[in-house]
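Thanks for coming. I have one structure to go through today, so please bring it up on your screens.

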Amino acid sequence: MSRPARVIVNTHAVQANLEVVRACAPGAKVMAIVKADAYGHGIARIASALSPHVDAFGVASIEEALRVRAAKVTTPIVLLEGPFAAEEIDDIAANALETVVHTQAQVRWLEKAPVGVPVWVKIDSGMHRLGFDPAEAASAIESLRRSGRPVRLMTHLASTHRESDPSVTQQLKLFEQLVSRYPGDRSIANSGAVLGWPQCHANWVRPGIMLYGVSPFSGKRGADHGLVPAMTVVSSLIAVRNVDAGGSVGYGKAYVCAERMPVGVVAFGYGDGYPRHAATGTPVIVNGVRTQVIGEASMDMLTVDLRPVPRARPGDPVTLWGADLPVEEVAASAGTIPYELLCRVRMRARYVESVG
Ligand SMILES: *Cc1c(COP(=O)(O)O)cnc(C)c1O
């Protein structure tokens with residue numbers, strides 16, 4: 001038998017989560033965000049499952065776009081950060097990719113691309129990451145419009161993960177002021193805004209994390225919004241030990257047993273994408289029973305408290321997160337966000353698909 005670490009991806013859950021997007025934003029087109037290997041779920045698999053049902057895909061690079069095309073998906077694809085160099089324009093043209101532009105240089109590079117394909121002008125409405133400053137936006141929009149291209153307008157919100165953050169309305173107001181003179185499609189909303197800020201839906205929404213069944217809001221879980229987790233990460237116990245009171249477990253004696261207790265060793269570590277900073281107490285499921293991680297994860301293994309599952313044996317199944325254990329809880333325990341955990345598992349684990 002091979003190493004038991006597995007990532008189980010439920011593509012039906014992703015399709016069901018898309019229905020939640022549609023119900024939240026019934027009039028809007030959907031650009032499904034599949035960057036970072038579809039948040040670790042496998043870009044070809046997710047793009048194939050969603051392609052008949054979405055209006056576009058959003059990716060971070062041409063390489064990601066080509067992986068979608070290689071899966072025979074013909075849905076429009078948007079490069080969310082635009083081209084990184086002038087040389088990319090040939091690939092963009094050859095594959096009819098749509099692109100975001102956020103610099104004057106990108107606008108110039110695009111002069112060589114066919115004019116039939118829409119271009120998305122990104123405007124910085126206050127996040128101060130990508131986008132034209134309000135003062136420069138008009139000239140970029142106007143020069144692209146003169147070239148005869150369909151120009152679409154977008155911005156990105158900084159704080160939709162907090163359910164009532166005044167910056168969201170400020171960003172919305174600034175964006176609306178800037179674009180009110182221009183016709184054409186508009187897009188503002190990530191998952192947080194799809195779920196919590198209907199005034200931001202505009203005519204294209206850009207959900208990412210919610211498609212994978214995970215809540216964008218700190219302190220909430222996917223199930224709170226009717227979402228179904230699409231990724232379940234499993235492995236097995238590879239050893240069961242009894243450690244005496246006062247004995248320590250793992251590197252740096254990070255956990256000291258207060259009593260004689262059974263300890264399980266799981267074939268899953270930070271080399272598989274488990275967060276090394278997951279504190280003792282991070283939930284984990286062994287044989288269907290919820291227990292806790294103890295000590296610090298190492299590269300290939302982590303240790304778990306088997307007191308609640310005293311009959312556990314090597315070979316028994318372990319769930320690190322997924323359908324029965326929200327990744328949001330594991331992330332909170334590790335001082336990170338679920339996005340990071342989902343993206344990191346693709347390093348080493350083997351993927352299998354489930355049908356429901
Ligand atoms: C990643 C990304 C999204 C999706 O964000 P979620 O919080 O995962 O929904 C939307 N728009 C842009 C520009 C992005 O980069």
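In which hand does α3 pass α4? The crossing of α3 past α4 is right-handed. Before I go on, keep in mind that this is a predicted model.

Staying with that pair, the axes of α3 and α4 come within 9 Å and cross at roughly 55 degrees. The two helices are therefore oblique to each other. From α3, the residues involved are Ile43, Ala44 and Ala47, and they meet Glu64, Arg67 and Val68 of α4. Sorted by class, the residues of this contact are 4 nonpolar, no polar and 2 charged.

Now the other partner I want to show for α3, which is α1. In general, two packed helices are described by the angle between their axes and the distance between the axes. Helix α1 covers residues 11–24 and helix α3 covers residues 43–50. Their packing angle is about 50 degrees, and their axes are 10 Å apart. That makes α1 oblique to α3. Here, α1 passes α3 in a right-handed crossing. On the α1 side you can pick out Thr11, Val14, Gln15 and Leu18, which meet Arg45, Ile46, Ala49 and Leu50 on the α3 side. This contact of α1 with α3 is made up, by class, of 5 nonpolar, 2 polar and 1 charged residues.

Next, burial in α3. Which residues of α3 are buried? They are Ile43, Ile46, Ala47, Ala49 and Leu50. These residues span an arc of only 165 degrees around the axis, so they sit on the same side of α3. As a reminder, an α-helix has 3.6 residues a turn, so residues three or four places apart point the same way. What lies over the buried residues of α3? The cover includes the helices α1, α2 (35–40) and α4 (62–70), along with the strands β1 (6–10), β2 (29–33) and β3 (56–59).

Is Ser61 buried or exposed? Its relative accessibility is 13%, so Ser61 counts as buried, the cut-off being under 20%. Setting aside neighbours within four places in sequence, Ser61 has contacts with Leu79 and Phe84.

Next on my list is Gly213, in the loop between β9 (204–205) and β10 (231–243). With a relative accessible area of 2%, Gly213 is buried. Not counting residues up to four places away in sequence, Gly213 touches Asn17, Gly222, Leu227, Val228, Pro229 and Glu328. Between Gly213 and Ala60 there are 21 Å, C-alpha to C-alpha, and the two are 153 residues apart in sequence.

Where is Cys343 placed? Cys343 belongs to helix α11, residues 338–344. Its relative accessibility is 24%, so Cys343 counts as partly exposed. Which residues is Cys343 in contact with, leaving aside its neighbours within four places in sequence? The contacts of Cys343 are Ala36, Tyr39 and Gly40. Take Ala36 from that set: Cys343 and Ala36 are 307 residues apart along the chain, yet their C-alpha atoms are separated by 6.4 Å.

To recap the helix pairs, α1 is oblique to α3, and α3 and α4 are oblique to each other. That is what I had to show.

Notes:
Residues are numbered from 1 along each chain as its sequence is written. This is a predicted model: local features need pLDDT of at least 70, side-chain atom pairs count only at pLDDT 80 or more; totals for chains, interfaces and linings use all residues. Side-chain values use heavy atoms; hydrogens and water are left out. Axes are lines fitted to C-alpha atoms, for helices over the stretch in contact, and angles run from 0 to 180 degrees between N-to-C directions. Helices (H or I, at least four residues) and strands (E, at least two) are DSSP runs, numbered from the N terminus. Angles under 35 degrees count as roughly parallel, over 145 as roughly antiparallel, 65 to 115 as roughly perpendicular and the rest as oblique. A crossing is left-handed if the near helix is turned anticlockwise from the far one by less than a right angle, and right-handed if clockwise. Contact means heavy atoms within 4.5 Å. Ala, Val, Leu, Ile, Met, Phe, Trp, Tyr, Cys and Pro count as nonpolar, Asp, Glu, Lys and Arg as charged, and the others, Gly among them, as polar. Buried means under 20% relative accessible area, exposed over 50%, partly exposed in between (1.4 Å probe, protein chains only). The arc is that of the directions from the helix axis to the C-beta atoms.
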